[in-house]
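Here is a quick walk through one structure. Have a look at the model first, and then we can go through the details together.

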Amino acid sequence: MGSVTLRNIRKSYGAVEVLHGIDLDIKDGEFTVLVGPSGCGKSTLLRSIAGLETISDGEISVDDTVINTLVPKERDIAMVFQNYALYPHMTVAKNMGFSLRLAKESQEEIDKKVKAAAEILDLNALLDRYPRQLSGGQRQRVAMGRAIVRDPKVFLFDEPLSNLDAKLRVQMRSEIKELHQRLKTTTIYVTHDQIEAMTMADKIVVMRGGHVEQIGSPIELYDNPASVFVAGFIGSPAMNFIDAVGDGKALKTTTQELLGTPNATVASGQKVIAGFRPEDIRLAEKGIAAKVALIEPTGAETQLTLRTENEAIIMTTRDRITHSVGDQVFFEVIEGKLHCFDSETERSLAEGGQAQ
Amino acid sequence: MNEQPRTLNWIMLGLIGLVISIYVLFPVFWLFLASFKTQPELAQLPISFWPEAPTLEAYKALFSPTHQKGQLLDWPQLIGNSFFIAVSSTIIVLIFGTLAGYAFARLNFPGRDLILGGLLISRMFQGAALLLPTYRLMSMLGLQDSLIGLVLLYSAFGLPFATWIIASSLREIPRELEESAMMDGASRLQSMVMVVLPLATPALITAAMWHFVGAWSEFAFASILLESNEHKTVTIGLASFVELFTLEFQYVGAAATIVALPIMLIFLFGQRYFTRGLLAGAVKG
Ligand SMILES: Nc1ncnc2c1ncn2[C@@H]1O[C@H](COP(=O)(O)OP(=O)(O)O)[C@@H](O)[C@H]1O
Ligand SMILES: [Mg+2]
C-alpha cells in the first residue's frame with residue numbers, strides 16, 4: 001500500500017516561497033508524473049516528499065499517516081536521483097544491498113533480494129562491477145535496483161533519464177513503465193519532458209511557478225487543457241493560439257474570418273484566445289485564407305506552416321500534400337476541436353476550465 | 001609539430017631538477033654515509049666520501065645506554081615519546097578535523113566561509129611569535145613538561161589545516177550520495193561514516209601524513225616546554241647530539257637517519273594520496 005496525499009504544501013528558501021500551496025492525491029499503485037518547465041518546483045516538491053527538504057507549511061501523508069516530520073529513513077520511500085548517486089566505492093551488489101545492510105538483514109537475505117532485483121533488471125552479470133565500470137543505462141538500472149530491493153511504499157524519480165542519449169531514453173522509458181506494471185508500486189516521477197509525461201503517466205500533474213496548473217490523465221490534459229499554459233505545454237507540435245472574438249455561438253478571428261464553434265459558450269463581442277491543435281485543422285475549399293510558408297514532410301506526416309495575415313499556423317496532416325510553398329490555401333478547424341481561453345486569465349472557458 | 005623544442009624543454013627541466021636535488025640532498029646523503037663510518041675515518045684528511053669499512057657501531061651505541069658523556073639520552077625513550085605525541089595528536093586532528101570539515105562542507109551556518117578562511121590565516125601566526133605566550137599558557141594550565149600538553153598543543157596547531165583540507169575534499173563529494181544513503185535508511189552519522197569518509201580517504205591520508213610529519217619533527221615548542229629527560233623527543237635528542245658530538249659525527253648521522261626514517265617511509269607510501277589530496281583541495285577551496 002502507498003497512497004500519497006499532499007495538503008497545502010508550501011516551501012520557502014529564506015524569504016522566497018517556491019511552492020505556493022500544493023494539493024495532490026495519489027492513489028496506491030498510481031504512476032504520477034510531475035511535469036513543468038525548469039525551475040517550477042518539481043524537484044523541491046519531490047524532495048519534500050522524500051524528506052530531504054523540510055516544508056514550511058502543509059501536510060504530507062502516506063496511507064493516512066502524516067510523515068512530514070519524519071526523517072527520510074523513517075518514511076519508507078525510495079528515490080532515484082538524476083545523476084544516479086551510486087556509491088562509487090561499492091560494487092553493484094553492495095550498492096543494491098546497502099539499504100538492507102542498514103536494516104540489519106542477514107547476508108543471506110540480502111543476497112537473495114539483490115539477486116531477485118538483479119534478475120528483474122537484467123543486472124546479474126554486473127553484480128561485481130563498480131559504478132565507474134558501467135554505461136549510463138546500466139547505472140540507471142542499478143539506481144532503480146537499489147530502489148526496488150527495499151520494496152518501499154513509494155518510488156520517487158527525479159528526471160532519471162535526462163543524462164541518457166535519446167535512443168536509450170526511449171528504451172529506459174519503456175523499462176521503467178514495465179517495471180511499474182510488474183511491481184505496482186506507487187510512483188512519482190519528475191520530468192520536464194512532456195513526451196515522457198504523456199507516455200508514462202497514469203496521472204499528470206502540470207506545474208508552473210510553484211503552483212499546480214492542472215491534474216489529469218494524459219488524454220484529459222490533451223483534450224481538455226485547463227489553461228493556455230497546459231494547452232501549449234502538452235502536445236508536440238504545440239497548439240496554435242490566435243486572438244478571437246465571440247460572434248453569436250461562433251468565434252471569429254480579429255480579421256472577421258469564421259473559426260467555428262468553440263467548446264464553450266462565449267458572449268458576442270467577448271475577446272478570447274482561440275486554440276486548436278495542428279492535427280485538428282485541415283485544408284478546405286473555403287475558410288481562413290493563408291499562404292503556405294513551409295512544407296516539412298517527416299514520412300508518415302507532413303507539417304505545414306501556414307501564414308495568415310497576422311499569424312503563423314502550424315498544421316500536421318497524414319494526407320499527401322500537392323501544394324508548394326507560396327500557394328494560397330484555405331483551412332478550417334475540425335468541428336468540436338476549437339478551444340477557447342479567457343484573454344485575461346488564460347484559463348479555459350470550457351466547463352470545468354475554471355476549476356483548480 | 002614542434003616536437004624538438006618540447007623534448008629540449010623536458011631535458012632542461014630534468015637537468016635543473018637534478019641539480020636542485022643534488023644541491024638539497026647532498027648534505028643529507030653525506031650525513032647518512034657518515035653514520036656508517038668510524039671515528040678515525042671521520043677525522044682523517046682528505047675526507048672520504050664512501051665509508052671505507054661500513055659499520056653499524058653508531059647505531060648500536062644509540063640503542064644501548066652505555067654511550068652518554070654525562071647526559072642521559074635514551075633513544076628508545078625519545079623515539080617512544082615522539083611516536084606517542086605524533087600518533088595521538090594525529091588521531092585527535094583526524095577526528096576533530098573530519099567533524100569540523102564535514103560541518104564546513106555540508107552545514108549552513110552564518111559566517112561559515114569567513115571562519116574557514118580564518119582557520120587558514122591562523123596558520124600564519126605560528127612560529128617564534130607564539131613561543132613565549134604558549135609557554136606561559138601551558139605553565140598556567142600546568143601542562144609544561146608533559147607529553148599530553150604537547151599532544152594538545154600540536155593538535156591545536158594542526159587542526160586548522162587538516163580541517164581545511166578535509167572540508168575542501170568533502171565539498172567535492174556530491175550531496176546526492178549522502179541523500180541517497182539517507183533515503184536508503186542511513187542516519188547522518190552513518191551516511192558520513194559509510195559513504196562520505198571512504199570517498200574522502202585521500203584527503204584524510206593527506207591530512208594525517210601532513211600532521212604526523214609536522215608533529216614528529218617539531219622542535220621549538222618541544223624544546224621550551226619539555227624539561228625532564230624522560231619526556232624529551234627525538235628532535236631534542238638530535239639537537240643535543242649535535243652539541244655533544246662535534247667530533248664523533250657518526251652518532252649525529254645515525255640519529256638523524258633514525259629521525260628521518262619514519263618521514264621518508266610516510267612519503268614513500270603515501271605520496272600517491274598526498275598529491276591527490278592536496279590537489280583536490282587546490283581545485284576548489
Ligand atoms: N537550495 C535552494 N536555495 C534557494 N532556492 C532554491 C534552492 N533549491 C531550489 N531553489 C529554487 O526553487 C525553485 C524551484 O526549484 P526546483 O524545485 O529545483 O525546480 P525544478 O526541479 O522544477 O526545475 C527555483 O526557482 C530554484 O531556484
Ligand atoms: Mg529539478
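Helices (H or I, at least four residues) and strands (E, at least two) are DSSP runs here, numbered from the N terminus. With that in hand, D145(B) sits in the loop between helix 6 (128–140) and helix 7 (147–171) of chain B.

A word on the ground rules. This is a predicted model, in which local features need pLDDT of at least 70 and side-chain atom pairs count only at pLDDT 80 or more, while totals for chains, interfaces and linings use all residues. Residues are numbered from 1 along each chain as its sequence is written, chains are lettered from A and ligands numbered from 1 in the order in which they are written, and side-chain values use heavy atoms, with hydrogens and water left out.

**Chain B**

Chain B has 13 helices and zero strands. Its C-alpha atoms fill a box of roughly 75 × 70 × 35 Å along the principal axes. Of its 285 residues, 44% count as buried, where buried means under 20% relative accessible area, exposed over 50%, and partly exposed in between (1.4 Å probe, protein chains only). If you take the contacts (heavy atoms within 4.5 Å) in chain B with a separation of 6 or more, residues 24 or more positions apart account for 73% of them.

**Around ligand 1**

What surrounds ligand 1? The shell, made of residues with a heavy atom within 4 Å, consists of Y13(A), V18(A), S38(A), G39(A), C40(A), G41(A), K42(A), S43(A) and T44(A). Helix 1 (residues 42–50) of chain A gives the largest share, three residues. By type, the shell splits into three nonpolar, five polar and one charged; Ala, Val, Leu, Ile, Met, Phe, Trp, Tyr, Cys and Pro count as nonpolar, Asp, Glu, Lys and Arg as charged, and the others, Gly among them, as polar.

Here are some distances from protein atoms to an oxygen atom of ligand 1:

| Residue | Protein atom | Distance |
|---|---|---|
| G39(A) | backbone N or O | 2.6 Å |
| G41(A) | polar backbone atom | 3.0 Å |
| T44(A) | side-chain N or O | 2.5 Å |

The protein covers 55% of the 560 Å² of accessible area (Shrake-Rupley method, 1.4 Å probe) that ligand 1 has on its own.

**Cores**

A nonpolar core is a set of buried Ala, Val, Leu, Ile, Met, Phe, Trp, Tyr and Cys residues joined through side-chain atoms within 4.5 Å. In the largest one, with 51 residues, L6(A), L156(A) and I188(A) touch the most other members. A second, separate core has 43 residues, including A117(A), L164(A), Y189(A) and F229(A). Back to L6(A): leaving aside neighbours within four places in sequence, its contacts include I22(A), L24(A), L45(A) and I49(A).

The peptide bond from S236(A) to P237(A) is cis, with omega near -5°. P237(A) lies in the loop between helix 8 (228–233) and strand 11 (240–247) of chain A. S236(A) also turns up among the residues touched by Q194(A), along with V35(A), F233(A), I234(A) and G235(A), not counting residues up to four places away in sequence. Q194(A) itself belongs to helix 6 (residues 194–200) of chain A, and it counts as buried because its relative accessibility is 12%.

Is E346(A) buried or partly exposed? At 32% relative accessibility, E346(A) counts as partly exposed. It has a positive phi of about 65° although it is not a glycine, and it lies in the segment after strand 20 (339–342) of chain A. D145(B) likewise has a positive phi, of about 50°, without being a glycine, but D145(B) is buried, with a relative accessible area of 17%.

Terms used. Polar contact = N/O pair within 3.5 Å; in protein donor to acceptor, adjacent residues only side chain to side chain.
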